[in-house]
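Welcome, and please open your viewer. We will go from one selection to the next, with a short note on what to look for at each stop.

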Amino acid sequence: MKYCTRCVMPDTRPGIVFDEEGVCSACRAYERRKQINWEKRYEELKALCDKHRNKGPYGYDCMIAVSGGKDSHFQTHVMKERMGMNPILVSVEDNFPMTEAGKNNIRNISETFGCEIIAIKPNIRAQKRLMRTMFEKYGKPTWYIDRLIYTYPLHMAAKFKIPLLVYGENISYEYGGHGAVETPSAREQISNGVAADISVDELLDDVVSTKDLTLCQPPTEEEMNSIEPVYLSYFLPWNSYSNYLFAKSTGFHDLTHEWDRTHNVENFDQVDSRAYTVHYWMKYPKFGPSGSNRLRLPFCTLWSHDSRRSYRIGKTT
């Protein structure tokens, strides 16, 4: 395994690219920020908002995909308080018991910024089966929720006829991954590897039917052409820690007074529920050093859909 000569990113991250100096694409993307005219980009954001202002029905100017997290707070602040837009927010629940911080944060984002939130509570029976299927096949137990997080806002923007749909950062470009192109358009986000499409045939069984997977599929081409999904990170120098500090100043809660999340370098990212700690952990057997004996798991093989590689992980001793 190789690591970026400037950061700790390993070459097992799906889609990451290293140059001849051993520097990863994420570090190079960060370097290029110095060459960007951010004042011009900010004016582009203003022009984009003016283009869509007062164009949507029901009095909404744009739609924002949110979780209630630190970045969601910042996105809503920028669009409503800086740009003067009237957004409606859409969110996906994960059906797991929320942390107290998570309960506070989704409520806080609505109360602080005065926004309506439309949330979907996924089919619990289908979710249980799909989580097991995706865990056993690909080591991706949260795929169903992750997929909905990407596809559901697209469907809602098309159905509400609100063209401007706002996401946070371009994950592939900011952190390195498949399709790492600097662009304001988020049309290709559903192909970035986090929740890449899985053949329906692999997911169907006596519990899950095609009807259960309807919202996991992207909208039709005609519907996609009616909306303009964008990354806010294209227009502003994105900084998750700064977003956290801002969100905290508005009432966002981290896990400081609730849960000692050991082996994490922070306590403010993805704090809504405990489910994503499994998602974090699975990255180690999938993309960590091969042949590790530290996992103490029964022998098994996980095939990573992201990297198209197989990893044998652990052995009971």
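A polar contact here is a pair of N or O atoms within 3.5 Å; within protein, one must be able to donate a hydrogen and the other to accept it, and residues adjacent in sequence count only if both atoms are side-chain atoms. You are looking at a predicted model, in which local features need pLDDT of at least 70, side-chain atom pairs count only at pLDDT 80 or more, and totals for chains, interfaces and linings use all residues. Residues are numbered from 1 along each chain as its sequence is written, and side-chain values use heavy atoms, with hydrogens and water left out.

**Stop one: Arg28.** Select Arg28, in helix 1 (residues 25–31); helices (H or I, at least four residues) and strands (E, at least two) are DSSP runs, numbered from the N terminus. Its side chain makes a polar contact of 3.1 Å with the side chain of Glu21, and another, also listed at 3.1 Å, with that of Glu31. Is Arg28 buried or exposed? Its relative accessibility is 17%, so Arg28 counts as buried (buried is under 20% relative accessible area, exposed over 50%, partly exposed in between, with a 1.4 Å probe and protein chains only).

**Stop two: strand 4.** Now show residues 164–167, which form strand 4. Leu164 and Val166 are buried on one side, Leu165 and Tyr167 on the other. In a regular strand, side chains alternate between the two faces of the sheet. Strand 4 pairs in parallel with strand 1 over two bridges (strands pair if DSSP finds at least two bridges between them), and Met63 has Leu165 as its bridge partner.

**Stop three: helix 6.** Select 143–160 for helix 6. Of its 18 residues, 15 are buried, so helix 6 is largely enclosed by the rest of the structure. Look for a bend of about 30° at Ile149, with Pro153 following within four residues (the bend is the angle between axes fitted to the seven residues ending there and the seven starting there). Just after helix 6, Lys161 has a positive phi of about 60°.

**Last stop: the core.** Among the 36 residues of the largest nonpolar core, Met63, Leu130, Tyr144, Leu154, Tyr167 and Leu203 touch the most other members. Such a core is a set of buried Ala, Val, Leu, Ile, Met, Phe, Trp, Tyr and Cys residues joined through side-chain atoms within 4.5 Å. Helix 6 gives the largest share, 10 residues.
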